Amino acid sequence: MIWVVLPAYNEQDSLPKLLPKIAGTLQGKPYRMVVVNDGSCDSTAAVLEGFKNTLPLDVVPHVINRGLGETERDGFEYAALQCDPADVIVRVEADDTHEPSYIFSMIEKLEQGYDVVNTSRFQPGGGQLGVDGYRAAISRMANLFMQFMFGIPGTRDYSCGFRAYRAQIIQDAISIFGNHFIQLRGLGFTSTLEMIVKLHLLGARFAEVPFVLRYDQKQGNSKMVSSITTLGYFLMALLYHWPFGGWKSQYRQLRKLYREDRQAAVERFGLNSIRRRTVSRISF
Ligand SMILES: Nc1nc2c(ncn2[C@@H]2O[C@H](COP(=O)(O)OP(=O)(O)O)[C@@H](O)[C@H]2O)c(=O)[nH]1
Ligand SMILES: [Mg+2]
């Protein structure tokens with residue numbers, strides 16, 4: 001089964017195009033869409049209500065706007081609680097810039113044994129339409145910074161949230177990291193990066209498929225507050241490399257054990273474990 005998780009904030013103009021497009025693409029396959037409506041103040045709720053009887057759609061509402069971190073967390077937790085470990089969870093942006101046809105190439109890679117497959121603007125054949133030169137340059141620099149800081153094998157595009165995950169790896173990450181799977185929740189779009197950093201610590205195997213971002217289809221402006229997100233990236237680099245119990249040293253044993261014996265790793269590092277260090281408790 002394919003679970004499509006969509007974080008949505010004020011997406012009344014995009015959802016009427018995007019949801020039927022996803023349904024058309026996945027027609028004939030077992031799938032379910034989960035839209036987390038992040039306290040939208042436009043007609044997003046009414047648009048979703050209109051689709052509820054015709055599409056396999058669940059809506060997780062936030063009464064007030066909580067930001068992308070909490071929205072992603074709630075969408076993934078909702079899917080992870082209900083899905084089978086053999087299912088696939090795909091995160092698609094609700095602004096109609098992610099073409100659902102890429103879901104198939106990502107699933108093909110998962111079937112080759114990877115746990116996480118990113119869409120990547122930076123692989124040969126990838127790119128972006130409708131992004132101005134300044135934003136494209138900033139995004140390239142940010143991604144090079146992330147590559148230098150976190151060096152996840154098989155990954156070049158760290159900030160594009162359009163990804164497919166083996167459901168089991170998300171379930172295991174929630175068991176092990178708990179509320180700190182997405183820890184930097186109040187720092188703009190940092191959560192999208194944090195998810196792959198934590199999954200890398202866990203021992204996930206990553207691959208990418210080339211992808212063209214259709215920013216030319218975007219209705220309205222970007223909702224990213226770049227100053228807060230940039231602060232989040234720096235803070236995460238600090239927490240990751242912090243010499244006194246930073247994430248990298250704290251979870252050094254985890255990746256090795258998880259790859260050898262996932263059940264043993266979940267038991268040893270899981271929520272009931274008392275091995276958690278103070279640094280990992282910092283939230284924003
Ligand atoms: N900015 C923002 N986006 C949110 C929030 N909650 C959910 N989202 C969704 O997160 C996704 C990313 O936002 P978007 O404007 O597309 O960012 P961009 O593509 O980087 O310009 C979209 O699907 C939004 O609807 C929130 O509180 N703030
Ligand atoms: Mg977007």
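A word on the ground rules. This is a predicted model, so local features need pLDDT of at least 70 and side-chain atom pairs count only at pLDDT 80 or more, while totals for chains, interfaces and linings use all residues. Residues are numbered from 1 along each chain as its sequence is written, and chains are lettered from A and ligands numbered from 1 in the order in which they are written.

Let's start with the whole protein. There are 11 helices and nine strands; these are DSSP runs numbered from the N terminus, H or I of at least four residues for helices and E of at least two for strands. Along the principal axes, the C-alpha atoms fill a box of roughly 50 × 40 × 40 Å. Of the contacts with a separation of 6 or more, 83% join residues 24 or more positions apart, a contact being two C-beta atoms, placed from the backbone, within 7 Å.

Now to the helix pairs. Helix 6 (residues 167–177) packs on helix 7 (residues 190–202) at about 85°, with the axes 10 Å apart. Axes here are lines fitted to C-alpha atoms, for helices over the stretch in contact, and angles run from 0 to 180 degrees between N-to-C directions. The two helices are therefore roughly perpendicular, the label for 65 to 115 degrees; under 35 is roughly parallel, over 145 roughly antiparallel, and the rest oblique. Helix 6 brings I169, D172, A173, I176 and F177, and helix 7 brings K198, L199 and L202. That makes six nonpolar, no polar and two charged residues; Ala, Val, Leu, Ile, Met, Phe, Trp, Tyr, Cys and Pro count as nonpolar, Asp, Glu, Lys and Arg as charged, and the others, Gly among them, as polar.

Further along, helix 10 (residues 252–260) and helix 11 (residues 262–269) pack at about 145°, their axes 6 Å apart. Here L254, L257 and Y258 of helix 10 meet R262, A264, A265, R268 and F269 of helix 11.

What surrounds ligand 1? The shell has 16 residues, the closest being Y9, D38, A94, S222 and K223, where near means a C-beta atom, placed from the backbone, within 6 Å. Strand 1 (2–8) and helix 3 (68–82) are the elements giving two or more residues to that shell. By class, the shell has six nonpolar, five polar and five charged residues.

Finally, some loop residues. N10 sits between strand 1 and helix 1 (15–26) and has a positive phi of about 50° although it is not a glycine. N10 counts as buried because it has 20 C-beta neighbours inside 10 Å. D96, between strand 4 (88–91) and helix 4 (102–111), also has a positive phi, near 65°, and D96 is buried, with 21 other C-beta atoms within 10 Å. V63, in the loop between strand 3 (57–62) and helix 3, counts as exposed with 7 such neighbours.

Terms used
Buried ≥ 20, exposed ≤ 12 C-beta atoms within 10 Å, placed from the backbone.
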